Amino acid sequence: MFFWLTAALLTLAASTAVLWPFLRAPAAAHEGAGHDIEVYRDQLREVERDASTGLVGAAEAEEARAEIGRRILRLADGRAGGNTRTTSDRIGRLLVSAAVLAVPVLGWGAYAVLGSPALPDQRLEARLTKSPAESSMDELVARAELHLRQNPQDGRGWDVLAPIYLRMGRNDDAVTAFRNAIRLDGASAQREGGLGEALVAAAQGIVSTDAQAAFERALAVDPKDARARYFLALGYSQEGKNADAADLWRQMAADLPADSPWRGAARQELARLGAPEAAGQTAASGPAPTKDQVDAAMEMSSEDRLAMIEGMVSQLDARLRENPADLDGWQRLVRSYQVLGRQQEARDALARGVAALGTGSAEAARLTAFASGLGVAQQ
Amino acid sequence: MTRKQKRLAVIAGGLVFLGAAAGLTFYALGQKTSYFYMPADLHAAVLQPGQRIRLGGLVEEGSIVRGQGTEVAFAVTDTQDTVKVRYAGILPDLFREGQGVVAEGSFAGDGVFVADSVLAKHDETYMPKEVAEGLKEKGVWQPE
Amino acid sequence: MTVELGHFALVLALALSLVQAAVPLVGARMEHPRLMAVAEPAALTAFALVALAFAALTAAHVTSDFSVVNVWENSHSLKPMLYKFTGVWGSHEGSMLLWVLILTLFGALVAVGGRNLPQRLRATVLAVQGMIGVAFTLFILTTSNPFARLDPAPIEGRDLNPVLQDIGLAVHPPLLYLGYVGFSISFAFAIAALIDGRIDAAWARWVRPWTLLAWVFLTGGIAMGSYWAYYELGWGGFWFWDPVENASFMPWLAGTALLHSAIVMEKRAALKIWTVLLAILTFSLSLLGTFLVRSGVLTSVHAFATDPTRGVFILAILTFFIGGALVLFALRAPSLAAGGLFQPVSREGALVLNNLFLSTAAATVLVGTLYPLVVEAVGGDRISVGAPFFNLTFVPLMVPLLLIVPFGPLLAWKRGDLYAVAQRLLAAFGGAIAVTLLALVFIDRSAAFAALGFGLAAWLVFGALTDLALKSGLPGVPLATAARRLAGLPRSVYGTALAHAGLGLTVLGIVSVTALEAERFVTMKPGDTAEVGGYTLRFEGLQPRQGPNFVEDRATFVVAGRGGEALGTVMAAKRMYTTRQMPTTESGIRTFGLGQLYVSLGDLTEGGGIVVRAWWKPLVTLIWGGALVMMAGGALSLADRRLRVGAPAPRRKAARQEAAA
């Protein structure tokens, strides 16, 4: 309301400005050569001043005077013609009416296209002091940041903020916040595990030594902490210690409750490694999933997860069609189809693998043996 | 001299002056401009020994070698060809691997480009204009 | 609501500028006083509205309102308050708004101060100003609207480009724009004269102070921009002949020429057509400068991310105003009464020579700046025209010009006596020769060019002093009389002398730095020392430091003089602005006398050292100090009663003044 009122007042002022000369009595017309004469007189006075202070010589001043005099004479000649044209007041009024109208029409028209009148100002200070119930996530975080800038010793504040940073993907900030929380309020499995996860996320999914140390500290507090175990295992697998990784994941798959997301993640990692969930069998190597894949898998529903796994399987399938001399790959493909319950495709993959590796070759024999171990028989 | 002759003399003087200035300008344009090349363009280019050029492209990943002292070596690439560059000076703040760069200087006898100035941008999202256009022509870079 | 009110005010200002452009122009053709009288209230209101818009944008920046795209893109909640404020014009959008603000300010000044101008002239001038206002307001609203909004608003901004987070941003762009846009007044007067087909006597009286005002600001803007680049880029250079620099230098050259030709026009009613053309060209070059900077068509060390679509719009504006003005000039100039002829050896002759040199110099700079564009358009080759070109063309044009500068003010109008003037300048000439010889003997026996440069600078300064001495009656009168007369000299005489002496000082600084600067380029570890230009720097090490929105490693160097005396420290830093993840180098500068010790940091080396580049730049501050003296000269001339803005005061007031005198 205030906006529209002010805008209307501004428009009124602008229109009045255009109309102004028509609202006043006409000023006495002082037109024509009068101005020029004034200028020349002034120039004459200037010559006198300069001459009196000796800035110009007497002869020079005399010449200047004569020249200005000639200009005045010329001016008088030119004035005889006069420029007294009668002015048409009707056209003037018409024109000025159009102009007065154009101001609001143009102004409001263009503003209607360009402006966002419904959008209020959003000054940062106001946003950070309004009721938390009305605040967005970003605003709440900014507010917490402001609070922590002023009270950097508030461990509780850091503790609350850190996981939020992590979820927002502000990984470096999350690392700092977790470190502050640990420094001020001591280690806990939550904080150390969070620090480790933030470090992993900040390093694009690589479990660094720092992160590993954090997870180990978390396990020192709580040996059952699922997140710490999961990431430690991930670290092992990234180092190529697949057996250790598989052991840890198998433990998790065994002792975590069925509804724990970490259990699903661990089983999926096992599937990726090609390691069975029961101990005792060798695991095949495979590239570590990227951080995105891990994150995605962890947050997915089981259906989505299945879809993702299927996506990965069909990628593998496609790759093998182009690059078939890969025993390891064929083994994974056969096993994947078997795990997904797609028996026919598993058998098909086995057949293709054998053909690709060369029927009768040692590698083909190993693939057949591997498949029969899974219960997939050659047709 | 009559009035008319004086006038003619003044006009002639002005013309001579302008002619001399124009001549100097065009001479300088011929002599003192430096051409811009990307590494792959250099095959077709005919360069006098010691001729100053501007070499543009991307700083090749992993090519920056800092010597013991103040000299820096790096390579400029347009992804088709690569030229080694030597530079003694302070590199611009935004000089980074994989980023656009323009080096001005000339080729030494050993085929290494010796730069006396290296230009990157003030703005982290911005590619030097010539480099951006050169890369676009070669089809290796698409602005988003 | 302030943001939207600002937006609305800007839109309304566009409508009002449109009225200002059309109604008074028609009124002037129809001789309709009331229609013509619309110009002043329209100009004043347009200024008030643009000022309101600018204030609203400033408020949004200061209060970190990230719902405004412009604020979000160029600000940060932790940015120091000064940069929140100057950041208003740190972005393209904001700087164009500043441009229009200054344009409407000048329009308002003409409306207020021009009551004594013939009404027709005033109405036409304001209408032309209105047209420029329409073009640029439309440009802002359609291609670079600073009031575009974001919903939902981000909670944090992306920060201003770190290079711009500097006090230089507070000074340089406003001064530069005051200069650029100030020339729009002379332009508008020129167009008005062409439309009317006559040049009023008041014309010259008006054009000169306005040109002088714009010139003073432009001089300051260029000098401050040069100093800013000098310390911010960390290269130690003060002028790179970069397209963006040339863009501001060309209007300065043309404006300087205009300044001098306007004197001839006022005093001798000659050179009228040339002055009109020069006024058009000067503002055209200002527009070209705006285009070059804003479109990014040329590679520049000063350019920031630019947008070609904006370039096309400005190019259209450019074509309309320059093309229109030149067509109008071609059609109407013949009908303007030509001025009289005059003797080549006279004050006006010297000023013509000045114009010849300055406009030719501007032309060579223009050719060098645009040549790469032409070559690329024609043959597709990408070339660059750099310092070697300008040194070969510009310098030879400037040296003879500088040589004749001291003659100008001493020559009489109409018929000068070159021989007599040369005699009077003998002392100054002798002084210059002495300086040359001293430089040759004491500084460097082999540097003949440098010595001649020092001599040239001295010639300019001594010449200016000679002018003052002669005008106060020396050597013919007793000293006391001379002092009295010196004090009574018109300010414009002082202005001329100061401006010419300032030019000499700038030349002195340039020659000194070019010829005598010492440079060291070394790798230093803590405790190492390096000697440059007689000063010894000891590197103390790097300390990390946290700034408001950056972190930096600050290097401290202890400075010792020639005799080992302690002279304090100089600090340089490498900064990282956290939001943009953008590194910058802050050079360390210490001023000793008129010279400066300049330290710039490079990369860290493997052995724990750091690359350091250090310069001793003797007399370097004179480069910008000279520009300040030039500005002071211009300002003093402006304060001269004879130049005080506008046509003569109404008779009654004039009479009172005379009575008082």
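Residues are numbered from 1 along each chain as its sequence is written, while chains are lettered from A and ligands numbered from 1 in the order in which they are written. Because the model is predicted, local features need pLDDT of at least 70 and side-chain atom pairs count only at pLDDT 80 or more, whereas totals for chains, interfaces and linings use all residues; side-chain values use heavy atoms, with hydrogens and water left out.

**View 1. The interface of chain A and chain C.** Here 70 residues from chain A are in contact with 74 residues from chain C, contact meaning heavy atoms within 4.5 Å. About 6,200 Å² is buried between the two chains, with carbon and sulfur atoms giving 61% of that area; buried area is the accessible area (1.4 Å probe) that two parts lose on being put together, summed over both. Of the area that chain A buries against chain C, 9% comes from Leu55(A), Leu119(A) and Leu124(A), more than from any other three residues.

View 2. In one salt bridge, the side chains of Glu67(A) and Arg268(C) meet at 2.4 Å, N to O. The elements giving two or more residues to the side of chain A that touches chain C include α1 (2-23), α2 (34-52) and α4 (89-114) of chain A, helices being DSSP runs of H or I with at least four residues and strands runs of E with at least two, numbered from the N terminus. On that side α4(A) gives the most, with 15 residues.

**View 3. The interface of chain C and chain B.** Contacts are made by 54 residues of chain C and 40 residues of chain B, and the two chains bury about 4,200 Å² between them, 61% of it on carbon and sulfur atoms. The count of salt bridges between chain C and chain B is zero, and three residue pairs are in polar contact, both at pLDDT 80 or more. Among the elements that give two or more residues to the side of chain C that touches chain B are α13 (347-379), β1 (383-385) and α14 (387-404) of chain C, and α13(C) gives the most, with seven residues.

**View 4. Strand pairing between chain B and chain C.** Strand β1 (residues 33-37) of chain B runs antiparallel to β1(C), joined by three bridges; two strands pair if DSSP finds at least two bridges between them. Thr33(B) has Val385(C) as its bridge partner in β1(C).

**View 5. Two hairpins within chain C.** Strands β4 (residues 535-546) and β5 (residues 550-560) of chain C run antiparallel and are joined by 10 bridges, with Arg545(C) partnered by Glu552(C), and a hairpin of three residues joins β4(C) to β5(C). β5(C) is joined by 10 bridges to the antiparallel strand β6 (residues 566-577) of chain C, where Ala572(C) is the bridge partner of Ala555(C). The hairpin of β5(C) and β6(C) has five residues between the strands, and Gly564(C) in the turn has a positive phi of about 85 degrees.

Methods
A salt bridge is a side-chain nitrogen of Lys or Arg within 4 Å of a carboxyl oxygen of Asp or Glu. A polar contact is a pair of N or O atoms within 3.5 Å; within protein, one must be able to donate a hydrogen and the other to accept it, and residues adjacent in sequence count only if both atoms are side-chain atoms.
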